[in-house]
Amino acid sequence: MKVVKIPPVLRPSTSGMSEVEVDGSTVGDVLRTLASRYPGTGDQLLSGAGELNRYVNVYVNDEDVRVQNGLETDVRPGDTVVILPAMAGG
């Protein structure tokens, strides 16, 4: 199982949980499993084409997956996946 840290904006969709454990061998697998278990997260994380939404950052053990292999980044047992929505404002 992999630990996924859930940001406050998505916690209403995960029954208030700040961390959940899911299976998956890649970031994409982990996010799709999360979305199937907690349907309210799917549209927030992934586009209709199955890509990571533009304003969502995902890290595996503090490394940004966009500079690794994106959704194909490997996730091993014991790894921590952090979902961090980008903030905007002015």
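Why does threonine 14 count as buried? In this predicted model, threonine 14 counts as buried because its relative accessibility is 0%, where buried means under 20% relative accessible area, exposed over 50% and partly exposed in between, with a 1.4 Å probe and protein chains only. Residues are numbered from 1 along each chain as its sequence is written, and side-chain values use heavy atoms, with hydrogens and water left out. Because the model is predicted, local features need pLDDT of at least 70 and side-chain atom pairs count only at pLDDT 80 or more, whereas totals for chains, interfaces and linings use all residues.

Threonine 14 is found in the loop that lies between β1 (2-5) and β2 (19-22); strands (E, at least two residues) and helices (H or I, at least four) are DSSP runs, numbered from the N terminus. Leaving aside residues up to four places away in sequence, threonine 14 touches Ile6, Tyr38 and Thr41, a contact being heavy atoms within 4.5 Å. A polar atom of the threonine 14 side chain also lies 3.0 Å from the backbone oxygen of methionine 17.

The open sheet is formed by 5 strands in the order β2-β1-β5-β3-β4, with mixed pairing, and two strands pair if DSSP finds at least two bridges between them. Its edge strands, each pairing on one side only, are β2 and β4 (63-64). Strands β3 (residues 56-60) and β5 (residues 80-85) run antiparallel and are joined by 5 bridges, and valine 56 stands opposite proline 85 in β5.

How values were computed
A polar contact is a pair of N or O atoms within 3.5 Å; within protein, one must be able to donate a hydrogen and the other to accept it, and residues adjacent in sequence count only if both atoms are side-chain atoms.
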